[in-house]
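Here's a quick tour of one protein model. Have the viewer open and follow along.

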Amino acid sequence: TVHDPVSGALLRAHSVTPAPFHFPVALSRDGGTLVTADTAFRVHARPVSGGPPRLIGRCRGQVRALAASPVADVVASASEDHLVRLLPLGEGEPLT
């Protein structure tokens with residue numbers, strides 16, 4: 001679930017299929033985009049208000065962590081391929 005950081009009000013509930021491992025998530029600096037990773041090593045961004053996910057990056061190993069930048073529209077992904085990728089939330093190519 002995604003809650004408003006000030007009021008605590010529920011903004012959006014997302015369903016995730018249970019798995020024997022965790023799915024990393026990150027929330028954009030403006031709180032409007034939820035970033036998730038899947039079992040196929042892909043990273044997706046989706047509006048908290050609803051709408052389809054958008055592919056923003058691919059890794060060569062299971063994604064273990066996601067972190068949103070507090071100063072730019074970028075998310076860092078860390079995966080089992082021992083790389084950290086900087087993935088833009090807008091248009092642009094990932095930086096490795």
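## Ground rules

This is a predicted model, so local features need pLDDT of at least 70 and side-chain atom pairs count only at pLDDT 80 or more, while totals for chains, interfaces and linings use all residues. Residues are numbered from 1 along each chain as its sequence is written, and side-chain values use heavy atoms, leaving out hydrogens and water.

## The core

The largest nonpolar core has 12 residues, among them Val 35, Ala 45, Ile 56 and Leu 89. Such a core is a set of buried Ala, Val, Leu, Ile, Met, Phe, Trp, Tyr and Cys residues joined through side-chain atoms within 4.5 Å. Buried means under 20% relative accessible area, exposed over 50%, partly exposed in between (1.4 Å probe, protein chains only).

## Strands

Strands here are DSSP E runs of at least two residues, numbered from the N terminus, and two of them pair if DSSP finds at least two bridges between them. β4 and β5 are antiparallel over 5 bridges, with Thr 36 opposite His 44 in β5. β5 also runs antiparallel to β6 (residues 54-58), through 4 bridges; there Ala 45 faces Arg 54.

## Salt bridges

There are 4 salt bridges, counting a side-chain nitrogen of Lys or Arg within 4 Å of a carboxyl oxygen of Asp or Glu. Asp 38 joins Arg 42 at 2.8 Å, N to O; Asp 38 is buried at 14%, whereas Arg 42 is partly exposed at 30%. Glu 80 and Arg 64 form another, with closest N and O atoms 2.6 Å apart.
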